[in-house]
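Dear colleague,

Please find below the structure for your review.

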Amino acid sequence: MNPLYLILPAVMLSGCVRSSEIRDIDFEVEELYFDNTKAGHRLAKDEYDVDRVVCLSLPEGMMLADADIIRLTDDRIFILDQMVNNALLAFDRNGNFLFKAGGVGGGPGEFIGPPTDFAVREDGSLVIFEKESPRLVIFDRNGELKSSEKLSEGCPYSFTVTDRGNHAFAYSVKQNYFEGSAELAIVSPDENRINAYFPMNKNQNYTRNLRPFSIVNGKTAFIPNMSDRFYIIEGDSISKVCRVRFETPFISDELRDAIRYGGDPRLVNKERDRIQCIYCYEENDHWVSIEYARGGAVLRYLRSKDVGFETPGGSMFLGFMPSKSFIISGDKLVFLVTDEDVDAIREDCEEEADGSWNSRYTETADAVKSLIDGELATPALVFVSLSERA
């Protein structure tokens with residue numbers, strides 16, 4: 001079903017440093033409808049193409065077991081690894097290793113806790129956020145440390161850079177309640193507050209969303225805690241509200257308020273079959289990708305705007321795709337395949353006795369078979385596009 005647009009008058013907020021309550025009637029509101037109840041269609045190998053496999057070269061002794069965030073720019077690949085390296089790894093678009101920004105430790109440019117988020121500025125410099133400190137560590141485009149700046153206000157849990165180069169921080173209630181505190185604060189690099197939204201209540205419970213910031217059609221989006229909507233940030237202000245609607249209903253407003261303001265988060269079990277909130281919403285000209293919470297699990301809905309393919313989650317392929325973790329980039333889905341991903345498939349081969357492994361292997365794209373067989377090295381990024389048959 002195509003999204004239905006409901007346009008209401010837009011009012012831009014400007015220069016307000018007090019925490020602002022957001023009302024939908026003050027903005028251009030977009031109502032988005034998706035059917036998450038359809039049976040997932042699994043792609044045969046003639047319904048998609050592996051356009052490219054980029055093998056990532058790593059220095060001797062360095063491992064990459066997983067990626068917490070992957071971002072692609074015109075000339076670089078950035079992978080934030082919180083599990084092993086505690087660092088941001090940079091590669092060129094051919095997979096050649098460029099540098100590691102960060103590392104485990106307490107020295108200059110190192111992180112005691114895992115780095116949480118990062119942003120790439122227009123000049124190519126990198127801003128890495130460590131929430132444990134909390135601080136921003138800045139590297140130039142060549143990975144050289146420029147500065148490390150301890151934050152003076154609160155303990156935000158997530159960070160991004162606005163299109164004006166200012167900083168946006170997301171806060172949780174339990175760590176940060178004070179008079180005038182807010183879930184979203186936009187501040188200048190020298191920490192002068194520009195705007196603040198979604199006032200906190202000292203009785204408010206908090207269910208952490210680790211990815212409140214995302215990119216929607218080239219613009220930064222923010223998802224408040226336990227919300228069914230996201231808010232577009234243009235400049236340093238909220239300009240638009242987008243409300244997500246699935247075929248499966250969200251929990252009632254009454255239950256959401258009961259959980260948020262003094263109630264037990266386990267109250268959600270009263271409406272367990274409903275959707276609790278959205279965790280991440282990403283969209284570009286070709287794809288819509290939504291992560292949402294339902295029944296104690298985080299599910300992912302994906303839709304191709306080009307060919308109409310959509311799936312409510314689970315495996316998308318009849319054959320093997322060693323990784324279930326992917327990002328959307330242009331008209332491609334980009335999967336990171338690691339040594340561990342390939343080893344798991346090989347182990348399945350040894351355990352399968354009914355021939356199902358061979359059937360899946362037969363339905364696997366040749367380039368992916370090369371990764372499974374060890375003909376192409378891992379870790380690697382696999383770029384997938386859908387055919388008209390999908």
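The side chains of D331 and K332 form a salt bridge with an N to O distance of 2.8 Å; a salt bridge is a side-chain nitrogen of Lys or Arg within 4 Å of a carboxyl oxygen of Asp or Glu. This is a predicted model, in which local features need pLDDT of at least 70 and side-chain atom pairs count only at pLDDT 80 or more, while totals for chains, interfaces and linings use all residues. Residues are numbered from 1 along each chain as its sequence is written, and side-chain values use heavy atoms, with hydrogens and water left out.

D331 is partly exposed at 31% relative accessibility (buried means under 20% relative accessible area, exposed over 50%, partly exposed in between, with a 1.4 Å probe and protein chains only). Salt bridges with shared partners also join E31, D228, R229, R243 and R245 into one network. By this rule, the count is 17 salt bridges.

E291 and R211 are paired as well, at 3.1 Å from N to O. E291 counts as buried because its relative accessibility is 18%, whereas R211 is partly exposed at 35%.

A further salt bridge joins E283 and K305 at 2.6 Å, N to O. E283 is buried, with 11% relative accessibility, and K305 is partly exposed at 34%.

Yours sincerely
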